[in-house]
Amino acid sequence: EITSSLTPRNDKSYISKVIGLIKERATFVSDFWELSRFFFTAPTEYNAKASKKQWKETTPQIMKDLIVVLGSIEDFTSQNIETIVKEWLTENELGFGKVMPPFRLALVGAMSGPHLFDISEMIGKEETIKRIETAIEKL
């Protein structure tokens with residue numbers, strides 16, 4: 001049984017969704033944990049090379065603004081999150097490169113993993129926001 005600080009993640013349908021999102025990236029069964037652990041537990045460290053490249057001086061404020069945007073989303077589904085975040089990027093003339101890589105780093109701890117908005121939906125709004133806040137503190 002998998003235990004974590006998140007809501008019950010040992011639910012079979014949740015685990016099936018995770019497997020569905022990562023199965024194409026896995027070569028061996030032993031790859032599954034490495035490719036999916038961020039669905040069950042928040043990152044405790046961040047890839048150093050990616051952090052240096054993606055986390056700039058302006059990133060903490062952008063991430064704080066992203067938290068506000070994410071916090072306002074009622075229907076926290078992948079497609080809806082993506083639509084609202086992309087609208088926010090356009091309205092504020094923010095490039096994807098300023099927001100998406102640091103957002104991924106905050107959720108995953110590295111520049112890997114399936115579609116970012118799928119990850120957000122799966123871990124939920126509270127956990128998504130909590131991970132961004134932690135990244136702001138640690139990076």
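1. The structure is a predicted model, in which local features need pLDDT of at least 70, side-chain atom pairs count only at pLDDT 80 or more, and totals for chains, interfaces and linings use all residues. Residues are numbered from 1 along each chain as its sequence is written, and side-chain values use heavy atoms, with hydrogens and water left out.

2. The chain has 8 helices and 0 strands, where helices (H or I, at least four residues) and strands (E, at least two) are DSSP runs numbered from the N terminus. Its C-alpha trace spans about 40 × 35 × 25 Å along the principal axes.

3. Helix α1 (residues 12-22) packs against helix α7 (residues 116-123) at an angle of about 170 degrees, with the axes 11 Å apart. That makes α1 roughly antiparallel to α7 (an angle over 145 degrees). Axes are lines fitted to C-alpha atoms, for helices over the stretch in contact, and angles run from 0 to 180 degrees between N-to-C directions. Tyr14, Lys17, Val18 and Leu21 of α1 meet Asp118, Met122 and Ile123 of α7, contact meaning heavy atoms within 4.5 Å.

4. Helix α4 (residues 59-71) and helix α6 (residues 96-108) cross at roughly 80 degrees, and their axes come within 10 Å. The two are therefore roughly perpendicular (65 to 115 degrees). Thr59, Ile62, Met63, Leu66 and Leu70 of α4 make the contact with Lys98, Val99, Pro102 and Phe103 of α6.

5. The largest pocket holds about 310 Å³ of space, a volume being the space filled by probe spheres set on grid points joined across faces, edges and corners. A pocket is an open set of points on a 1 Å grid over the protein atoms alone, where a 1.4 Å probe fits, with protein on both sides within 12 Å along at least five of seven lines; lining residues have an atom within 4 Å of a point. Of its 17 lining residues, Glu34, Arg37, Val108, Gly109 and Ala110 lie nearest the centre.

Definitions and conventions. Angles under 35 degrees count as roughly parallel, over 145 as roughly antiparallel, 65 to 115 as roughly perpendicular and the rest as oblique.
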